Amino acid sequence: MKHLKIDNLHVSIGDREILRGLSLDLPTGQVHAIMGPNGSGKSTLAKVIAGHPDYTVTSGDILFDGESILEMEPDARARKGIFLAFQYPSEIPGVTIANFLRAALQARLPEGEELEATEYYAKLYEKMDLLEMPRTFTSRAVNEGFSGGEKKRCEILQMAMLQPTFALLDETDSGLDIDALKIVSHGVNSLRGPETGMLVITHYQRLLNYIVPDFVHVMVNGRIVESGTKELALKLEAEGYDWATEPEAEAVGV
Amino acid sequence: MSDTQTQLDIDREKGNFRYDVDYEFDAGTGLNEKTIDYICDVKGEPDWIRQFRKDALKKFLEKPMPTHWASHDLENIIFDKIRYYLSQGGQKPKKTWDEVPEDVKRTFERLGIPEQERKFLAGVEAQFDSEAAYSNIKEAVGKQGVIFMGSTDALKEHPEIFRKWFGKVIPTGDNKFSALNSAAFSGGSFIYVPPGVKVSHPLQAYFRINAENFGQFERTLIIADEGAEVTYMEGCTAPKFDTATLHSAVVELVALKGAKIQYITVQNWSNNVFNLVTKRGLAMEDAEVKWIDCNIGSRLTMKYPGVVMKGRRARGEVISIALAGDGQHQDTGAKMVHAADETTSNIVSKSISVGTGRATYRGLVKIPRHLKGCKNNTECDALLINTSSRTDTYPAISVRGTGNACQHEASVSQVSSEQIFYMQQRGLTEAQAMSLSVNGFVNDLVRQFPMEYSVELKRLIDLEMEGSVG
C-alpha cells in the first residue's frame, strides 16, 4: 500500500493564503471525496499536488510514499504516478488524442525503449469502448471543439491509459448530463482497485451516488473541518454547508 | 510555466560539422568584372553568359539595399569580404558516389544523401560550395527523356531550352539579390520534363556550404512541358561560423499547359547565414505550381515564392512554415500574380517565433480589373512561444473588378502556460510539451509533405524546442 500524505499544508497565490494547514492521508485502494463550498480551496489542493507553478507552498509537505515531492517538476510528479483530471482541460490544437497519449506513455519508458504500437492501440480501443467513445475520437485534436461531456470523458480516458497510483478528479461531474455522468462514473469505478488511490473533488453530492467514496472530507476556508464516511455527504446535501462554515467563520474571527 | 529563458545557441547539430577541403579554384574575395571573368573562364562559358553576368553586376551595384522596407540587418553583409566562387575537383559533377572526392563524399554521407537516393528519389544533385559534386538520375527516368543536370552543364548541352527560359521568369533586375545571383551564379539544377511525362519519384538537390566567408549562388530552372508532372525537393545545411555566410539563389519554374510542378524546400541553415532567395513560377493554361517552403535556421531569411498565373485556369499555391529561433529573423511569404481569367491561388503560411525570434509574413496578391472568375485564399497564422518573440504581417492585396474574390484570414496565438502545465501533468517535459504544441500547430501542413521530409521537419522542430527552454 502506498500513501499520498498532505501534511499541514499552507499554500498562497501572491499574497493570498488559500490552503491554511491542510492535512490528509490518502492510501491506495481507497476513494476519498472532498466537498466544500466554492472558493474553499478544493481545486487549489488538486493543482498544488500536481505542481502548478502559480502556487507557492509556504509550509507543510506533500509526501508520495514518504518522499517529499515539493521540489519535483509537474512532469516528474506525473511520471511518478500522480494524475489530475482537470476541471477545465486545455485544448491542444493539431495534436490528436492518439498522438498525445502515445507521447505521454512514451515519456514513461526508459530512454531507447519504443512504445509498441499494436499493443498501444489495442489498449486505447479497449478503454475507449469502456467510456463509450467512438473510434473517430482518436484522430481529433485534444479537447479542441469538444463538448463539456467529451472533455471529461477524454480526461478519464487519459487516466485509464496512464494508470496512475493517485488520481485527483477535480469537479469531474461539472458540465455533465446524467447519461454522461453515468458513463464517466462507470469508467472511474472500473479503475478502482488496490493499486490506486482517488481523491474526488466535488461541489455536489450527486457524483458520489455513482462514485461511492470510502471517506468524505469537508473543506472550508483552506482546511478540512470534518471527516466521515459517505453519510457525511448526504448530510451536506440535506443541510448545505452553512453548519460547517459558521463555526469556521467564528474561529477565524470573521 | 515561467517565461522560459532561451539559450542563444540552438542545437541543430546535424549540419554543423566541416571537413577541411583544398580548393583548386578560388575567385578570391569581392565581386567585380575580374571575378566574373574568372568564373566564366573556369566554367568555359559562352560569351552571351559572360555579358549577361556583367550586365547583372551593373544592376546589382546600382540597386540600393532594400532597407527602406526590409531589415537593416542587411547592412551587415560585407560584400567585399565574401568569396564568390570556390570549387574542388573540377566543374563536372560525378555520376557515381565512388568518383566523388573523399572529403566531399564523407560530408554528404554524413547528411544521409546517398541513402535517401537509394530509398526514394528519382535523381539527386549534390552541390558543395559553388559546384555540384554529384549528379545522377535513375536510368528509367532518364529514358523517359527527363533531363536533370547542373545548370552549368545545361547551358552548354541544352542551350535551346535553357536560353529560352533562363532569366525570363525572374528578370535580372527583379531585385538586388536576383541581380547578384545573375552576376555570380554557379550550380543549381536544370530540369526538363517532356510533354505528358509524370516523374513518379521526387528529384532532389542538396546544397551544402562548407567554406567560411562564402557566398553560394545556385541557379535553378525547371521546365515541365505540356501535361508533365514533377516534384523537386531541396535541402540545405552549413556549418556554424562566426562570420556571415551568404546564400542567394534564384529559382525559376515554368509549367506549360496542363503541367504540374511541386517544389519542396526544407532548409536548415546555421545561424550565420543570410538567406536571400528569389523564387517564382510561371503557370500557363490549366497548369499548377505549388511551393512548399520550410524555413528553419539562418540569421535572416528573405524569401517570397511567387506564382504568375498566365494561362486560363492556372493555379498557384504556397504552403509555408517558418520557425524563427532566438536571434533569427524569418521574413517570408508569397506572391500571387493573376494574369488570366479563372485563375486561383492559395497561400497558407504558419510561423513560429521562439525566444527573441521574429517572423514576418509579407504577401502580395494581385488581381487586375479586366479579369474574371479569379480567386485567392490567404491564411496566415503565427504562434508566439515567449513574451520576447515577435511576429509581423504585411499583406498587400490588390483585387479589382467585380468578378473576382479574395479572402484573407490571419491569427496570432500563443502557447499558454496552462496548456504547457496540462501537458506536463501527463508526463511530458516542458521541452516535449512545447515541441508537441508546435508540431500540432503545423500538423495540417506537414501532412502534405512526403513522409521522409515530414519526419525530418518534426525532428528539426524537436531540436529547436529543446534548445528553447532552459
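Okay, starting with the charged cluster in chain B: Glu33(B), Asp37(B), Asp41(B), Arg50(B) and Lys54(B) are linked in a network of salt bridges. Keep in mind that this is a predicted model, and every number I quote is computed from it.

The side chains of Lys54(B) and Glu33(B) meet with N and O 3.7 Å apart. Lys54(B) sits in helix H2 of chain B, residues 47-62, and Glu33(B) in helix H1, residues 33-43, so the pair ties together parts that are 21 residues apart in sequence. Are the two partners buried or exposed? Lys54(B) is buried, with a relative accessible area of 13%. Glu33(B) comes out at 38%, which counts as partly exposed.

While we're on helix H2 of chain B, Asp55(B) lies there too. At 34% relative accessibility, Asp55(B) is partly exposed.

Arg313(B) and Asp286(B) form a salt bridge, with 2.8 Å from N to O. Both ends are in loops: Arg313(B) between strand E17 (306-309) and strand E18 (315-324), Asp286(B) between strand E14 (273-283) and strand E15 (288-297), so the bridge ties together parts 27 residues apart in sequence. Arg313(B) is partly exposed at 33%, and Asp286(B) is partly exposed at 28%.

Asp286(B) also has a backbone story. Most residues other than glycine have a negative phi. For Asp286(B), though, phi is near 60°, a positive value. Asp129(B) is another one to look at, with phi near 55°, also positive and also not a glycine. Where is Asp129(B)? You'll find Asp129(B) in the loop between strand E3 (123-128) and strand E4 (131-137) of chain B. Its relative accessible area is 0%, so Asp129(B) is buried. Asp286(B), by contrast, is partly exposed at 28%.

Let's move to where the chains meet. On the chain A side, 32 residues are in contact with 17 residues of chain B. How much area do chain A and chain B bury between them? About 2,000 Å², with 61% of it on carbon and sulfur atoms.

On the polar side, there are 14 residue pairs in polar contact between chain A and chain B, counting pairs with both residues at pLDDT 80 or more. And the salt bridge count between the two chains is one. That one joins Arg426(B) to Glu155(A), with the closest N and O atoms 2.6 Å apart.

So which elements of chain A make up that face? Those giving two or more residues are helix H1 (42-50), helix H2 (74-80), strand E6 (82-85), helix H3 (97-106) and helix H5 (148-162). H2(A) gives the most, with four residues. By class, the side of chain A that touches chain B has 18 nonpolar, six polar and eight charged residues.

Staying in chain A, helix H5 turns up again in a bridge within the chain. Arg140(A) and Glu150(A) meet at 3.3 Å, N to O. Arg140(A) is in the loop between H4 and H5, and Glu150(A) is in helix H5, so the pair ties together parts ten residues apart in sequence. Arg140(A) is partly exposed at 27%, and Glu150(A) is partly exposed at 22%. For the overall tally, a search of the whole structure finds 34 salt bridges over all chains.

Last stop is helix H6 of chain A. H6(A) runs over residues 178-190, 13 residues, and reaches 18 Å from first C-alpha to last, close to the 18 Å expected at 1.5 Å a residue. What caps its N-terminal end? That's Asp177(A), which puts a side-chain oxygen 3.2 Å from the backbone nitrogen of Asp179(A).

Then look at the buried residues of H6(A): Ala180(A), Leu181(A), Ile183(A), Val184(A), Ser185(A), Gly187(A) and Val188(A). An α-helix has 3.6 residues a turn, so residues three or four places apart point the same way. And what do the buried residues of H6(A) pack against? Helix H4 (117-130), H5, strand E7 (166-170), strand E8 (197-202) and helix H7 (206-210), in chain A.

Key:
Residues numbered from 1 in each chain as written. Chains lettered and ligands numbered in written order. Predicted model: local features only at pLDDT ≥ 70, side-chain atom pairs only at ≥ 80, totals over all residues. Heavy atoms only, no water. Contact = heavy atoms within 4.5 Å. Buried area = accessible area lost by both parts, 1.4 Å probe. Salt bridge = Lys/Arg side-chain N within 4 Å of Asp/Glu carboxyl O. Polar contact = N/O pair within 3.5 Å; in protein donor to acceptor, adjacent residues only side chain to side chain. Nonpolar A, V, L, I, M, F, W, Y, C, P; charged D, E, K, R; others polar. Expected span 1.5 Å × (residues − 1). Buried < 20%, exposed > 50% of the residue type's maximum accessible area, 1.4 Å probe, protein only.
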